[in-house]
Amino acid sequence: MIEHQPLQAGSLLDPRLEACGTALREVDDMTLPGEHDAELSFGPGTLRYYVMRIPRRPLRIAAMTRHLNATQCLSSAEARSFWLLLAPPDTKGPVLDASAAWLLRIEAGEGIKLHLGTWHAGPLFEADSASFFNLELSDTNQNDHETLKLNRSIAVELN
């Protein structure tokens, strides 16, 4: 049996992020629109922007999810760091290759916009529960929620 080393978390400066999403970092008030902004895409439906509260989830990831009709934006509502397991949208199923996944750490005060179809698991965090600002379609979790198993589970260490 092959032992796998823990994934080292990348930051929003990690070049792998380009295939998966856009870094959302603070800019000064009155900053003109530019490359630092997230390019949003939402299919037909109603936008939903809300504070999502979730309990801590297991750190052994066996499946990943994606959304094909809407980009998704996440940031901590409590100014805490959090992690996402990501894989590029072009990662094919019917079972996902776990070697395509990588861990991203999003620092307090930062956020992320996931590209259409980006595979993700999380957000992951250290507290018993956490709150996140979440922008997606109102029916994303009912009508735009594809989940596939990984070919092997990944034990995540938050680092």
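How many aromatic pairs does a search of the whole structure find? The search finds three. Keep in mind while reading that this is a predicted model. Let us start with the overall fold and then come back to the rings.

**The overall picture**

The protein has two helices and 10 strands. Read from the N terminus, the elements follow the order α-β-β-β-β-β-β-β-β-β-α-β. Along the principal axes, the C-alpha atoms fill a box of roughly 55 × 35 × 30 Å.

Of the contacts between residues at least 6 apart in sequence, 86% join residues at least 24 apart. Buried residues account for 41% of the 159 residues. As for the surface, the protein exposes about 9000 Å², and carbon and sulfur atoms supply 52% of that area.

**The aromatic pairs**

Now back to the rings. A pair of aromatic rings is described by the distance of the centres and the angle of the planes. Two of the pairs are set out here.

| Pair | Centre to centre | Angle between planes | Arrangement |
|---|---|---|---|
| Tyr-49 and Phe-133 | 6.1 Å | 10 degrees | stacked |
| Phe-125 and Phe-132 | 5.8 Å | 45 degrees | tilted |

Why does the pair of Tyr-49 and Phe-133 count as stacked? Its planes stand at 10 degrees, and planes under 30 degrees apart are called stacked. Tyr-49 belongs to strand E2 (residues 47-55) and Phe-133 to strand E9 (residues 129-137), so this pair ties together parts that are 84 residues apart in sequence. Tyr-49 is exposed, with a relative accessible area of 57%, while Phe-133 is partly exposed at 28% relative accessibility.

**A charge over a ring**

One further ring deserves a look. Which residue lies over the face of Tyr-50? Arg-48 does, at 3.6 Å from the ring centre.

**Taking it together**

Definitions and conventions
Residues numbered from 1 in each chain as written. Predicted model: local features only at pLDDT ≥ 70, side-chain atom pairs only at ≥ 80, totals over all residues. Heavy atoms only, no water. Phe/Tyr/Trp six-rings, centres within 6.5 Å; stacked < 30°, edge-to-face > 60°. Helix = DSSP H or I, 4+ residues; strand = E, 2+ residues; numbered from the N terminus. Buried < 20%, exposed > 50% of the residue type's maximum accessible area, 1.4 Å probe, protein only. Lys NZ or Arg CZ within 6 Å of the ring centre and 35° of its normal. Contact = heavy atoms within 4.5 Å. Areas by Shrake-Rupley, 256 points an atom, 1.4 Å probe, with all protein chains shown as cover.
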